[in-house]
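Here is a short tour of one protein chain and its fold. Have the sequence and the model at hand as you read.

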Amino acid sequence: MRLLRFLIAIACLAAGAIIGALNRAPVVIDLGFSRLPTNLGVSLLVALLLGVLIGGLAISASVALPMRRRLARAERTGATTAPTSGP
């Protein structure tokens with residue numbers, strides 16, 4: 001499992017390096033209050049990273065937090081998920 005994670009991380013780093021190297025065109029991002037001169041590759045990678053982070057936060061808020069609340073409620077009431085062995 002560790003090797004698989006390592007290989008995926010290396011593949012993502014290589015893809016990021018390739019995207020950055022192939023997209024060297026200069027761009028200016030206008031935020032309204034500031035202008036950021038950068039190149040297209042960096043802009044693409046930052047946009048992808050922000051999308052992943054925002055998507056992860058949305059999934060966490062919509063799935064993981066309700067599950068934690070449900071687990072905490074079950075632990076307070078003494079409910080168990082595994083059956084106890086009888087005599």
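Helices (H or I, at least four residues) and strands (E, at least two) are DSSP runs, numbered from the N terminus. With that in mind, the order of elements along the protein chain, starting at the N terminus, is α-β-β-α, made up of two helices and two strands. What you see is a predicted model, where local features need pLDDT of at least 70, side-chain atom pairs count only at pLDDT 80 or more, and totals for chains, interfaces and linings use all residues. Residues are numbered from 1 along each chain as its sequence is written, and side-chain values use heavy atoms, with hydrogens and water left out.

Let us look at helix H2 (residues 40-77). Its 38 residues reach 55 Å from the first C-alpha to the last, close to the 56 Å expected at 1.5 Å a residue (1.5 Å times one less than the number of residues). A kink of about 40° is centred on serine 60; the bend is the angle between axes fitted to the seven residues ending there and the seven starting there. After H2 comes glycine 78, with a positive phi near 85°.

Two residues can be set side by side for accessibility, where buried means under 20% relative accessible area, exposed over 50%, and partly exposed in between (1.4 Å probe, protein chains only).

| Residue | Relative accessible area | Class |
|---|---|---|
| Serine 43 | 17% | buried |
| Alanine 15 | 37% | partly exposed |

Serine 43 belongs to helix H2. Beyond its neighbours within four places in sequence, serine 43 contacts Val27, Ile29 and Thr38 (heavy atoms within 4.5 Å). Alanine 15 sits in helix H1 (residues 2-22). Of the 87 residues of the protein chain, 3% count as buried.
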